[in-house]
Amino acid sequence: MKVERVVPNLSVDDLAETVRQHTAVLGLRVVMDHGWIVTLDDRDGHQLSLMTTDASAPVNPDVSIFVDDVHEALAAAVEAGLEIVHPLTAETWGVTRFFYRDASGRVVNVGTHT
């Protein structure tokens with residue numbers, strides 16, 4: 001399994017204002033906007049996601065890690081005995097993903113674009 005990218009996720013109260021601030025201060029641009037999550041980047045592939053409440057999961061993830069084989073990642077997480085917070089789900093926006101909780105309590109969203 002190969003990690004393709006890692007994106008920090010910040011939970012925010014005011015999505016529009018937070019997007020405005022990060023685009024103004026850092027020069028980031030909006031590359032995805034689903035209304036509840038906005039992903040920004042700097043044209044070199046560095047990304048930051050801002051979200052209010054995850055549309056289909058019980059909690060907001062702290063980080064999203066995209067891999068080339070989400071099924072292999074899930075099997076490894078289960079084998080490691082990690083808590084699966086959100087089951088493997090093919091989301092309507094074209095990502096198959098699951099969440100696990102690490103030893104520090106952080107929630108990790110692992111996904112593959114489908």
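This is a predicted model: local features need pLDDT of at least 70, side-chain atom pairs count only at pLDDT 80 or more; totals for chains, interfaces and linings use all residues.
Residues are numbered from 1 along each chain as its sequence is written, and side-chain values use heavy atoms, with hydrogens and water left out.

**View A. The largest pocket is lined by 20 residues.** Among these lining residues, Met32, Ile37, Thr39, Phe66 and Trp93 lie nearest the centre of the pocket, whose volume is about 250 Å³. The lining divides into 9 nonpolar, 8 polar and 3 charged residues; here Ala, Val, Leu, Ile, Met, Phe, Trp, Tyr, Cys and Pro count as nonpolar, Asp, Glu, Lys and Arg as charged, and the others, Gly among them, as polar. A pocket is an open set of points on a 1 Å grid over the protein atoms alone, where a 1.4 Å probe fits and where protein lies on both sides within 12 Å along at least five of seven lines, and a lining residue has an atom within 4 Å of a point. Points are joined across faces, edges and corners, and the volume is the space filled by probe spheres set on them.

View B. Strands (E, at least two residues) and helices (H or I, at least four) are DSSP runs numbered from the N terminus, and two strands pair if DSSP finds at least two bridges between them.

View C. Strand 5 (residues 63-67) and strand 8 (residues 107-113) run parallel and are joined by 4 bridges; in one of them, phenylalanine 66 has glycine 111 of strand 8 as its partner. Contact means heavy atoms within 4.5 Å, and the angles, which run from 0 to 180 degrees, are taken between the N-to-C directions of lines fitted to C-alpha atoms, for helices over the stretch in contact.

**View D. Strand 3 is covered on both faces.** Ile37, Thr39 and Asp41 on one side, and Val38 and Leu40 on the other, are all buried, where buried means under 20% relative accessible area, exposed over 50% and partly exposed in between, for a 1.4 Å probe and protein chains only. Strand 2 pairs with strand 3 in the antiparallel sense over 4 bridges, and leucine 40 is the bridge partner of valine 30. These two strands form a hairpin with 3 residues between them, and glycine 35 in its turn has a positive phi of about 90 degrees.

**View E. Strand 4 pairs with strand 3 and with strand 1.** Of the 5 residues of strand 4, 4 are buried, so the strand is largely enclosed by the rest of the structure. Its pairing with strand 3 is antiparallel over 5 bridges: isoleucine 37 stands opposite methionine 51, and valine 38 has leucine 50 as its bridge partner. With strand 1 the pairing is parallel over 3 bridges, and here asparagine 9 has serine 49 as its partner.

**View F. Arginine 43 lies in the loop between strand 3 and strand 4.** The hairpin of these strands has 5 residues between them. Most residues other than glycine have a negative phi. Arginine 43, although not a glycine, has a positive phi of about 75 degrees, and at 63% relative accessibility it counts as exposed.

**View G. Threonine 52 lies in the loop between strand 4 and strand 5.** At 27% relative accessibility, threonine 52 counts as partly exposed. Its C-alpha atom is separated by 5.3 Å from that of valine 12, which is 40 residues apart from it along the chain. Not counting residues up to four places away in sequence, threonine 52 touches Val12, Asp13, Leu15, Trp36 and Asn60.
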